[in-house]
Amino acid sequence: MPQRIRKGIIMNQASAKIIASSSAGDTIVASAARISTTQGTALEIYAKSCEKDNNASLIEKVVGSGHTSTLEHQFFTVAFDNVSVCTEEFVIEFRLGSYTVKSRRYVDFTSAGFYVPPMPEHLLPEYQAHMQSLFSAYAKLLERDIPKEDARYLLPYCFRSNFYCTMNARELMYMVQVMTDGRGAVFPELKALGESLREQIRAYFPNVPEILAKRLPQSDARFTIPAMSLHAVPEVCRAEAQLRNVTPAARQVLDDAAALNGCILCETPALSEIIRGARPRELEMLHAHFKIRDLSLAAITHLVRHRIQSVLVPQVTQAALRQHYVLPESIRADADALAIYQGAFMANAEALCRMMQNGLPAECVQYFALAGNQLDVLCDMNGRELLHFMKLRTCNRAQWEIRACAIELLRQLRAASPEVFGFFGPSCYVNGQCPEGRLSCGQYAEIIKHFESDAI
């Protein structure tokens with residue numbers, strides 16, 4: 001685990017590196033800046049931009065005038081290397097990006113290593129010994145044949161994450177601004193990564209990061225790290241989905257949308273045809289607002305990867321201070337595994353409390369959250385994304401915690417509007433075939449019968 005010491009503080013070599021970008025570079029951005037005010041076709045304007053030597057100054061002028069959408073034609077792929085999973089959680093919150101993350105359900109993280117945030121030197125030995133003990137407990141669960149997807153609940157949120165992120169230039173610069181001058185700036189890891197990315201972006205757009213920064217809020221006054229106190233005793237809780245609101249008269253809304261969207265030569269399609277069709281645009285007229293209480297940090301990753309939604313996830317520090325945690329059945333059924341598991345949560349709470357009393361900085365608390373610690377999450381999805389969510393998350397192959405929440409949410413949706421949400425369920429139920437191939441659960445007939453019933 002590479003590290004260096006500076007003034008009694010240990011620093012880690014996590015990195016974020018731009019590894020790919022659009023081949024046209026600033027030419028396409030300059031072309032976009034010209035096209036709305038210049039005569040000629042799109043290809044003619046692009047050809048002229050290839051010959052221009054003032055592309056950079058034009059881009060700066062246009063961005064400075066507030067026309068930042070031109071930057072969206074340039075894409076960057078960033079490799080986040082050996083960062084903490086807290087950084088992963090922060091980055092994935094930005095909705096206009098594409099992400100690919102190493103799965104904790106299938107990969108053994110025993111030797112993943114962990115990030116050590118800047119802290120007083122006298123705390124380092126205890127921090128490192130404690131985090132290593134959590135990885136040892138995780139390994140012991142694997143030795144007892146506890147599934148990786150359940151053992152991972154013991155992984156502390158300082159564990160090393162490696163992932164790819166692709167964003168357009170506008171979104172990436174916005175994220176960098178939040179990392180360096182917004183709510184991310186209070187965390188040294190995020191601030192350092194953001195500053196590194198900003199320097200790399202300057203190779204493509206030398207002055208644009210500063211120009212764009214002037215148009216963005218310099219701080220988030222509402223964001224503060226929760227008070228440094230820990231009185232909670234670790235408590236086992238179960239995730240619970242709660243439907244807060246759904247579009248009234250959902251069936252009528254869909255019928256109206258279908259009538260407007262019908263083809264000239266076609267009759268208005270039946271509701272089942274809309275839901276099972278290749279382009280169910282009408283479903284976008286529906287919305288469901290729901291809350292999931294006590295969802296583990298691990299399961300939250302399965303929720304937030306659905307990009308077309310509004311989702312509010314509290315900062316990880318709150319999970320560490322709250323101390324609610326999930327207890328999988330595979331561990332509950334094994335007395336020795338249960339002792340290891342619950343002992344780890346208790347030891348983690350005690351270590352955090354002790355180190356806080358001895359001067360642990362507030363910005364370090366988030367790294368003590370375990371993947372099994374829980375938060376409450378608010379979501380809003382339109383009907384089309386909700387259908388996609390249900391097709392994936394009510395499937396037998398879905399992670400069991402998020403699957404239980406999805407099925408409970410579907411029960412409530414069916415109670416609110418059975419004529420619409422009676423068609424929702426796993427992919428095999430909706431489309432009549434399983435998309436999983438050799439990974440199929442092989443229980444097609446049973447699944448169809450189950451989801452056709454009123455008591456899913």
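Guide: Let's begin at Asp 294, whose side chain makes a polar contact with the side chain of Arg 322, at 3.2 Å. Please keep in mind that this is a predicted model. Asp 294 sits in strand E9, which covers residues 287-296. Is Asp 294 buried or exposed? Its relative accessible area is 5%, and under 20% counts as buried, so Asp 294 is buried. If you set aside its neighbours within four places in sequence, the residues in contact with Asp 294 include Cys 237, Arg 238 and Ala 239.

Now to helix H12, residues 297-304, which is mostly covered, with eight of its eight residues buried. Among them are Leu 297, Ile 300, Leu 303 and Val 304, and also Thr 301 and His 302.

From here, let's turn to a sheet. Four strands form an open sheet in the order E3-E4-E6-E5, with antiparallel pairing. At the edges are strand E3 (15-21) and strand E5 (97-101), each of which pairs on one side only. From one strand to the next, the twist averages 20 degrees. E3 and strand E4 (residues 75-84) run antiparallel and are joined by six bridges. Ile 18 stands opposite Val 78 in E4. Helix H4 (residues 85-92) packs on the sheet and touches E4, E5 and strand E6 (160-168). The direction of H4 makes about 150 degrees with that of E4.

Another helix to find here is H8 (residues 188-201), which lies across E3 and E4 and runs at about 30 degrees to E3. H8 also has a helix partner: helix H7 (residues 169-181) packs with H8 at an angle of about 140 degrees, and their axes are 8 Å apart. On the H7 side, the contact is made by residues including Leu 172, Met 173, Met 175, Val 176 and Met 179. On the H8 side, the residues include Leu 190, Leu 193, Gly 194, Leu 197 and Ile 201. Gln 177, Thr 180 and Asp 181 of H7 also take part, as do Lys 191, Glu 195 and Arg 198 of H8.

Conventions: Residues numbered from 1 in each chain as written. Predicted model: local features only at pLDDT ≥ 70, side-chain atom pairs only at ≥ 80, totals over all residues. Heavy atoms only, no water. Pairing = 2+ DSSP bridges. Helix = DSSP H or I, 4+ residues; strand = E, 2+ residues; numbered from the N terminus. Axes fitted to C-alpha atoms, helices over the stretch in contact; angles between N-to-C directions. Contact = heavy atoms within 4.5 Å. Buried < 20%, exposed > 50% of the residue type's maximum accessible area, 1.4 Å probe, protein only. Polar contact = N/O pair within 3.5 Å; in protein donor to acceptor, adjacent residues only side chain to side chain.
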